[in-house]
Amino acid sequence: MADTTHLRRLYAGADFHAEQHIHPEPTSFVSRYVFSMDHKVIAKQFLWYGLAFLALGGTMAMMIRWQIAHPGTAFPVLGELLWPESGGVMPPQAYASFFTMHGTLMIFFAITPILIGAFGNLLIPLMIGARDMAFPTLNMLSFWTNVLAGTAMIVSFFVPMGAAAGGWQSYPTLSTLAGQPGAGQTLWIAGVFLTGSASIMGAVNYITTVVRLRAPGMGYFQMPLSVWGIWLTAILNALFVPVLAAGVLLLFLDRTFGSHFFLAGAAVTKGGGDPILYQHLFWIFGHPEVYILILPAWGIVSDLLSFFSRKPAFGYKATAISMSVITFLSMVVYGHHMFVVGMSPLLSQGFMTLTMLISIPSAVFFLNWLGTMWRGAIRFATPMLFSVGVVFVFGLGGLTGLHLGAISSDIYLHDSYFVVGHFHLTMAASVLLGAFAAIYFWFPKMFGKMMNETLGKWHFWLTIVPITVVFCGMLVVGYGGMQRRLYNTDAYAFLQHLHPVNVWVTRAALFLGASQFLFVVNFLSSLVAGKKASENPWEVGTLEWTVPSPPPHHNFDEIPLVVNGPHEFSHPEVKGKDWLAQNEPIRSETEPAARAAAGS
Amino acid sequence: MTAVAAARFPSTEESRRTSFVGMVMALASWSMMFGGLFFAYAILRLKAGTWPPDGVAPLPRLLPLANTLVLLFSSYVLHRGVRKEADARPGALLGALKATLALGSVFLVLQLAVWVPLWRSGFRIDSGIYGSIFYGLTVFHALHVLAGLAALLVLVPGARSGRLRSGAQSRVRVSAMFWHFVDAVWVVMFVAVYLL
Amino acid sequence: MHNWPFSWLPPADVSQDGWRADGLFWYTTTLGAIAFTLVVLALAWSAWKYRAGPGARALYTHGTDRKSFAVTGVLAALVFVTIDMNLVRISERDIKEATYEWPTAPDTIRVEVMPQQWAWNFRYAGPDGVFNTADDVVTFNELRVPAGHPVMLNLKAKDVIHSFYLPNFRLKQDANPGTVTRSWFKALKTGDFEIACSQMCGWAHYKMKGDLIVLNDADFSRWMKEAEGDAKRRYDPGDKEQMWGWEWLQ
């Protein structure tokens with residue numbers, strides 16, 4: 001049991017942190033809903049924004065899958081609209097833009113705004129007992145900078161020669177002016193630079209807020225794991241997005257001013273640069289980026305498993321430390337994306353060994369997830385279903401990382417659909433299911449209404465099954481030998497026998513896409529006509545549930561004093577209910593006896 | 001029963017510390033970006049073997065050295081004017097700001113004095129990797145000098161009116177931190193690009 | 001043959017070292033499958049046995065007692081030792097024995113590979129044994145090699161990054177513009193196999209197919225002699241583009 005003696009002494013009337021003031025409540029429509037500085041409003045802005053791009057990126061994925069399974073046939077409705085000159089059939093150049101932009105939009109404009117922008121903003125101040133972020137104006141700027149970035153990306157579809165089409169990583173020399181002559185690639189760079197800046201602004205805000213604005217009694221190890229996840233993500237964002245910025249800046253200089261950072265090959269006359277340099281810079285960012293994308297979901301799932309098992313998070317401190325160790329290790333493993341580039345074997349081996357080390361902290365927190373559920377009293381509400389779903393798909397996806405971390409299996413699997421299956425399981429499926437878990441769980445707090453449980457449960461089952469089929473199917477065709485980014489497999493005899501698998505993957509993908517309408521209907525109808533939510537419908541103890549749903553502008557009438565950890569469920573001394581709020585002391589006469597009874 | 005905490009307004013010390021932490025993180029970010037650029041320089045230079053690459057004249061050193069001294073002096077001046085003790089001396093902050101703005105402008109002018117003749121002589125950003133690195137790094141840095149000067153310029157009206165008096169105020173301290181950072185980056189850049 | 005469930009397997013491996021990739025893949029898959037099955041069983045067990053019900057009360061523990069630490073620690077260590085360490089061991093063995101163990105035997109066939117948008121160029125040194133000279137044998141989209149002899153490759157892309165992929169050899173190696181990379185393989189069977197590109201290289205990446213033709217010694221020698229004769233005739237000193245080769249990187 002967490003030792004809260006020191007906190008109780010605080011409560012007894014000794015020293016307190018100072019109160020926080022709050023920016024005045026906005027009055028005009030513009031200051032309330034457009035240029036709001038309120039983290040709760042900005043969270044909603046990011047949520048709508050991210051969901052819109054999720055829909056766009058998802059539709060693009062459906063169209064990509066359609067082309068793979070039914071090459072030469074038009075995608076219903078949209079095909080005719082977009083490519084009338086080819087009878088609605090997606091041309092290969094468009095296909096290349098589509099997979100490029102699908103990746104770009106999903107990573108930077110769907111996952112990042114939803115998990116980090118929306119839930120980071122919503123949860124951090126409320127869960128640590130603060131009135132708002134440390135820098136509310138910066139927060140507002142972060143959202144609008146992102147909107148500028150998204151605009152650049154959307155505009156890039158409509159310029160001559162269309163959007164960037166060199167893969168979302170945009171490796172030179174394909175992404176140089178010679179390889180991608182249109183403005184699309186340059187707009188991509190601008191969009192990435194802007195969204196990167198927005199991420200850094202947000203990261204600085206989140207880190208400072210957690211460091212400085214925690215309520216009295218909220219030590220680092222009393223914070224919910226959701227906050228840990230988002231905070232660690234912010235640290236990685238702050239440190240590594242700038243490296244991407246450096247890389248794309250140099251690419252921009254190559255494209256616009258004729259510099260030679262990445263130019264090489266037959267076309268270069270005046271002493272070439274090094275395209276592989278870009279890959280180093282990109283993956284120094286890129287590997288931490290994948291942890292940036294998953295850490296919030298890990299944190300959220302760690303909390304939700306505890307909440308719905310009515311049991312403290314198993315090994316809370318070990319989980320927080322494991323996540324921190326992984327955060328650190330993620331900085332030194334990036335070379336496993338470059339095993340076939342021609343790096344020195346010694347360097348490759350070093351990266352392989354470091355990569356394998358990540359298994360240890362990963363196993364620890366994963367086992368802690370299982371330990372949390374074990375001997376719980378599990379309530380299978382929709383958020384719990386999605387959380388267990390994350391455990392499932394992340395377990396599967398994480399294990400496929402082993403195939404890719406070992407050099408001699410990676411050489412064959414590199415740039416194949418096995419990689420696509422792996423990162424979609426770990427990054428897309430896990431994060432998406434985690435996002436749904438978070439939305440179903442915090443929707444009442446954000447909007448003051450409950451979502452529909454029945455629709456939610458159907459949404460879960462009709463999502464988890466096809467999502468597993470889709471990405472396991474990719475693992476299969478990947479091992480079968482199919483490379484990524486193929487418009488069709490007609491050229492290769494060795495791929496023909498995999499076509500039926502691809503057809504099934506497409507069918508499952510289309511089914512998956514259709515199932516999301518259950519969510520859309522649930523979300524929108526609940527906003528309008530959902531049952532009114534009480535202050536704490538899920539009966540959990542974190543601080544956001546001690547204020548009304550939705551919270552007032554200033555969050556807390558009084559800054560709470562934290563006396564418990566975030567997962568005090570089923571405490572033997574607490575009668576009549578199985579949870580304790582973080583600012584709710586246990587009324588106990590004999591504390592030493594109670595501690596003995598808790599038995600740890 | 002929920003616990004209740006006392007209500008007192010935040011001390012200036014607390015919000016100072018918050019701004020400081022924020023700025024430290026922001027500078028850590030910026031350092032990583034410049035770090036990425038220096039990494040690029042290191043990789044390209046290691047790959048190139050001979051440096052400067054064949055056929056390229058070595059860079060001038062006198063003006064850039066003078067520039068380094070100009071920036072270092074400007075940091076010293078700013079630091080003196082932004083200290084807490086300066087609280088007692090009216091006009092100290094304004095004087096420091098003006099001096100730093102002047103010295104910073106001198107830096108930019110001297111940079112132009114280095115770039116323009118080189119550019120005219122045919123050594124440009126598209127003159128292979130040496131030109132790419134030279135202009136890419138130094139111009140990007142100069143943009144940050146410009147940003148730093150803008151941040152300091154914005155403080156001048158407040159300093160003039162007496163509303164801003166010293167580094168005790170977050171806005172002043174944070175802007176000064178950024179200026180010192182830009183200066184430190186230049187020192188590294190000077191050594192890496194001109195001396196090594 | 002392509003009947004379920006075997007129809008999803010990769011193409012036949014005709015190389016000396018391709019078994020390493022397949023072997024490690026199945027080794028990892030087996031151990032991973034065992035681990036994952038245990039996880040799913042644990043999830044299913046908890047979901048069934050520990051669901052909330054009348055009178056059900058969760059066990060109050062933070063998992064910080066010594067037994068919990070021990071169990072978690074042992075399991076995590078077990079995963080690392082049985083899976084990760086073995087994968088590293090096997091990979092390191094493969095690297096040392098094959099992947100970067102460039103062939104030095106005198107019968108090694110040397111080929112320079114220059115992929116371009118969207119085709120494959122191959123160059124043999126010709127009778128003088130030196131690359132980028134008048135007697136080089138240059139082929140387009142067809143790589144002919146003899147079975148049973150190591151083939152050493154130097155790769156350098158003409159324009160953008162491509163990747164030389166031999167599915168039947170489980171081999172992939174990126175070719176970058178401006179720098180030379182290396183790879184090698186040995187075919188154990190004759191036959192016609194496919195060369196594919198496995199790095200996005202532009203809109204026609206999907207149809208950048210080449211042919212690997214593995215011949216027996218006699219056929220290969222006969223072809224080479226004929227090709228060398230052709231090369232002499234085809235050499236055009238005025239065509240600079242033709243001399244795309246480079247000094248061999250050992």
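**View 1. Burial in chain B.** Of the 196 residues in chain B of this predicted model, 35% count as buried (20 or more other C-beta atoms within 10 Å of the residue's own, with C-beta atoms placed from the backbone). Since the model is predicted, local features need pLDDT of at least 70 and side-chain atom pairs count only at pLDDT 80 or more, while totals for chains, interfaces and linings use all residues. Residues are numbered from 1 along each chain as its sequence is written, and chains are lettered from A in the order in which they are written.

**View 2. The helices of chain B.** Chain B has six helices and zero strands (DSSP runs, H or I of at least four residues for helices and E of at least two for strands, numbered from the N terminus). The radius of gyration, taken over C-alpha atoms, is 21 Å for chain B, well over the 16 Å from the globule rule for 196 residues, so the chain is more spread out than a compact globule. That rule is 2.2 Å times the number of residues to the power 0.38. Along the principal axes, the C-alpha atoms of chain B fill a box of roughly 75 × 50 × 20 Å.

**View 3. Where chain A touches chain B.** The contact takes 47 residues from chain A and 38 residues from chain B (two residues are in contact if their C-beta atoms, placed from the backbone, lie within 7 Å). On the chain A side, helix 7 (183-212), helix 8 (225-257) and helix 9 (275-309) each give two or more residues. Helix 8 of chain A gives the most, with 11 residues.

Key
Buried ≥ 20, exposed ≤ 12 C-beta atoms within 10 Å, placed from the backbone.
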